[in-house]
Amino acid sequence: MIQAKRQTGLIFFPAYDWEITPTHPERQERLLYTQDQVLEEGLLDIEGIHEFKAGLASDEDVNRVHFCVPDVTSRITHSHSISAGGCIEAARLVMEGNVERAFALVRPPGHHAMRVVHGARGFCNINIEAVMVEWVRKNYSHIKKIAIVDTDCHHGDGSQDIFWHDPNVLYISIHQDGRTLYPGTGFPDEFGGPGALGMTVNVPLPPRTSDRGFLYAIENLILPILDEFKPDLVINSAGQDNHYSDPITHMAFTAGGYARLNELLAPDICVLEGGYSIESALPYINTGIILALAGVDYSYVREPDLDPDQIREDPKALDYIEELCDALLDTWRRRDEVVSSPKEFAERQRSIYYDTDGISETQHETLRFCPDCPGVFKIDTQASSGYRVLCVHIPRGACDACRQQGHDWFDSANGRFYAAYLQDMDNDGYQINIL
Amino acid sequence: MILGIDIGGTHTDAVCVKDHVIVATAKVITGADLVDSISGVVRGLGVEQGSLKRVVLSTTLSTNAIIEKKYTATGMIVSAGPGIDPRNYFLTDDFHLIDGAVDHRGREYIPVRKDQVLEVADNLKKDGVEGVGIVSKFCVRNPTHEKQIHSLITDNFKYVSMGHRMSGTLNFPRRLHTTYFNTAVMPIQERFVRSVKQALAELGIKTSILFLKADGGTYLSSAADRLPVETILSGPAASMMGAVALRKNTHTTLVLDIGGTTTDIGILIDGVPVLEPKGISVGGLKTLVRGLKMLSVGAGGDSHVFVANGKLCVGPHRHGPPAAMGGTQPTPMDALRVLGDFEQGDLNRSREAIAGLARELGQDSKDVAKAIVTKMVDTIQKACDGFIGEVNSNPVYTIHEMLHPDVVRPEEIMVIGGPAKNLQPYIKKAFGMKCVVPEHSEVANALGAALARTTAQITLLADTQLKKLLCPELDIDMELPGRYTLNDLISFGTDALRENTTYLGLRDEIEIDVVEQQSFNMVKGFSTTGKNMRVKLQSRPGIIGLWSNK
């Protein structure tokens with residue numbers, strides 16, 4: 001008989017009645033073979049591994065993270081509420097001590113969804129990890145510092161955007177180099193907002209990186225950073241598209257590698273993100289991750305067609321990865337030496353494309369760079385779908401001056417905007433003013 | 001006439017039913033030889049045996065053999081391929097791992113090696129093993145490996161079972177244990193059927209014998225020979241089927257079968273008992289055997305009542321009969337005796353037993369008696385809450401089910417078993433719900449056995465890309481015709497279930513339900529390559545028409 005070393009919770013929600021389109025990678029069949037493998041292996045019968053029901057995230061849970069334009073109902077379907085609700089349930093299980101670790105094996109994914117939501121990008125409408133993180137911070141005030149390690153093959157530009165100015169959420173993304181893959185971002189110089197430098201870390205790996213490259217980055221860059229950051233909660237955005245068989249990426253990671261990664265990282269919560277090799281990769285990766293989380297031997301878990309010699313990295317690529325990681329760690333350790341914006345207001349102008357829905361957005365963001373708190377910011381956003389709105393975010397622990405500034409911005413929004421929105425994190429408040 | 005016999009751990013009960021009237025009941029103490037107990041209870045009925053049309057047996061034979069490990073050495077030949085190391089699930093040194101691997105779609109990755117199989121079989125044979133179970137991972141997606149091994153060894157062993165015939169459900173560890181137990185109890189079942197037939201023949205009973213299964217259904221002894229493992233835990237199922245027979249409506253009914261040591265909790269929805277979704281456990285091991293969802297709690301009429309750390313405790317163990325009936329320890333039945341809710345046995349002995357507790361607690365005897373019954377009912381109620389919570393916590397995998405949950409809420413309680421009548425007012429008050437004790441509740445178990453319909457479940461899989469149609473339980477593995485829809489698969493399965501009644505041990509009274517139906521588009525690149533369809537059909541547990549049409 002097998003006994004798990006750690007009580008582990010699994011929230012499985014395959015959404016067998018939801019798809020973007022019948023032949024889209026994000027389709028009904030996506031987790032079917034994973035479920036087959038998990039059931040046949042008898043994983044849910046292992047002493048200490050438990051399956052739990054997903055829940056539904058409320059509009060309030062979504063509004064704690066996003067500015068949905070014009071509102072939540074227009075931007076998401078029930079599938080998104082359940083997927084985010086599944087993450088919340090996973091977090092609840094861990095926070096309440098029902099289990100030590102939890103895995104939200106849910107779809108649709110979320111890490112490309114940014115703070116402002118005009119539509120779907122990269123198959124994502126709302127950011128399910130971010131909704132979970134804010135739910136945790138609202139309900140468990142002792143959780144101050146959270147680390148998200150995003151191991152999806154694509155840069156999690158949505159998660160990066162949401163936590164860009166947040167000094168208490170460390171977002172680390174390890175992904176295929178943005179010069180070769182959607183969304184084309186996630187370079188080392190993207191390092192966090194002026195008030196949260198070093199709280200975003202990007203590790204772009206060359207195409208065809210396999211187990212040695214990934215595990216080098218985990219052991220020699222990500223684990224040392226986590227050791228120094230000392231998070232109260234570690235989350236793995238467990239995308240599975242780094243696999244050698246994935247049809248839309250170019251990496252060479254294996255199921256055994258993913259299991260080892262999770263053993264090393266020891267996340268409190270895993271959340272499924274991408275991964276579209278639904279027959280040849282997902283069944284084995286998910287089995288490996290569940291076993292690694294529960295502390296059960298996974299050494300016999302491997303793809304039936306695995307040929308390690310075929311997918312081994314070029315030694316030059318390994319040298320490159322080692323240099324990259326060493327340089328990144330050095331920069332991270334010297335993050336306080338980086339000169340921050342001297343001005344009171346830091347601004348950035350951005351164009352964002354919603355590939356799934358074909359919408360273009362332009363944003364003008366203004367942050368009050370504040371010595372006393374993370375700083376209030378506003379986003380003036382206009383989308384090709386027709387809406388121009390003003391979004392104001394008053395962060396957790398905002399000082400009185402920032403709080404006043406936020407309300408002034410919100411109150412002074414005029415008829416040029418369809419609406420103004422205000423997120424007040426300390427009061428868990430969300431206001432909409434239709435203009 | 002119909003005869004139902006439930007051979008329990010303590011008592012063997014029998015009922016004889018004519019049309020929809022119970023014409024005789026009998027009870028004997030279960031002896032060491034079950035066949036003797038059967039003969040004894042049948043003689044006790046005192047009915048004209050020649051007119052019996054149907055005899056159904058519910059026995060603890062397989063359950064006890066498994067729990068007490070009273071079976072001969074049984075070999076297992078296992079192929080698994082990558083995944084969790086299968087050796088974690090090996091129970092004895094007679095489990096042997098061989099080469100061979102098939103994936104979740106049923107594609108072969110590693111073939112079975114003939115020489116290796118023969119070598120393993122040779123060694124098992126040398127060790128004197130008579131029965132061998134064959135299991136490969138994902139055999140329910142492709143049974144070829146199991147069949148290859150089977151054809152290599154079948155001539156050398158008397159008893160052989162294959163994993164895919166046990167159940168079409170995915171779960172390799174459960175399949176290993178189910179197949180092992182099935183093979184191990186085959187000789188025991190065979191001997192038992194032979195001697196029961198002989199004993200009944202001596203009593204003038206020549207009709208065919210059916211056995212009760214854990215799912216509350218029956219099957220003919222021809223199928224029981226092949227799949228004896230399905231008879232495990234048929235005792236609690238017998239009582240549940242008795243409740244189905246005795247119910248007067250189709251409400252959502254919580255059924256409490258209160259015995260001497262334990263209370264078994266089950267639930268009927270629209271008059272149909274709820275099944276355990278993954279399979280039941282026996283001897284501490286999980287199996288794929290389809291069984292009723294039930295919970296046993298250590299609170300019964302004879303539960304030992306004592307004081308520990310100044311607190312009154314009821315159960316979970318039984319230390320002999322109630323004081324009123326000659327026992328040495330106080331029990332809830334003694335409390336009921338003192339309260340005037342139970343009329344049998346020696347009142348003075350009950351009073352003495354309860355007074356002893358009252359002295360220890362420094363309380364009035366009557367108050368202590370009330371506290372005992374309250375405590376017992378409270379234990380049962382807490383267990384019921386947990387049980388219903390569990391029934392309602394089954395994960396769902398579609399948005400539709402998530403948004404429209406089928407929440408099970410009991411509307412009434414049916415209490416059966418020895419102390420049912422005595423406890424009825426207390427249960428009614430505690431649960432605040434209608435509480436029924438049906439007539440004949442004391443033989444509900446034997447009645448359930450007598451009247452249970454035949455049942456079976458089959459699993460069908462159609463993969464239009466691989467052009468494959470599979471039904472593991474019926475050993476169907478055939479090529480698919482060109483166009484195929486989910487409805488085609490359902491009607492194929494329905495016909496197959498009807499055509500294979502003898503093989504499955506069914507009678508033609510069955511009602512077929514579609515338990516599961518799923519159809520997925522399979523996509524490669526951005527174009528559809530086929531459909532993956534999955535269907536589960538069952539003949540529903542229920543009561544034969546003769547009785548239910550009254």
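Strands β14 (residues 388-394) and β15 (residues 419-424) of chain A run parallel and are joined by six bridges. Strands here are DSSP runs of E with at least two residues, helices are runs of H or I with at least four, and both are numbered from the N terminus; two strands pair if DSSP finds at least two bridges between them. Within this pair, A:His393 stands opposite A:Gln423 of β15(A). The model is predicted, with local features requiring pLDDT of at least 70 and side-chain atom pairs pLDDT 80 or more, while totals for chains, interfaces and linings use all residues. Residues are numbered from 1 along each chain as its sequence is written, and chains are lettered from A and ligands numbered from 1 in the order in which they are written.

Both strands belong to an open sheet of six strands in chain A, ordered β11-β12-β13-β14-β15-β16, with mixed pairing. Its edges are formed by β11 (345-354) and β16 (429-434) of chain A, each of which pairs on one side only. From one strand to the next, the twist averages 15°. Helix α12 (residues 400-412) of chain A lies across β12 (359-368), β13 (377-383), β14, β15 and β16 of chain A, at about 165° to β14(A). Axes are lines fitted to C-alpha atoms, for helices over the stretch in contact, and angles run from 0 to 180 degrees between N-to-C directions.

Between the chains, 37 residues of chain B are in contact with 38 residues of chain A, contact being defined as C-beta atoms, placed from the backbone, within 7 Å. On the chain B side, β26(B) gives the largest share, five residues.

Methods. Two residues are in contact if their C-beta atoms, placed from the backbone, lie within 7 Å.
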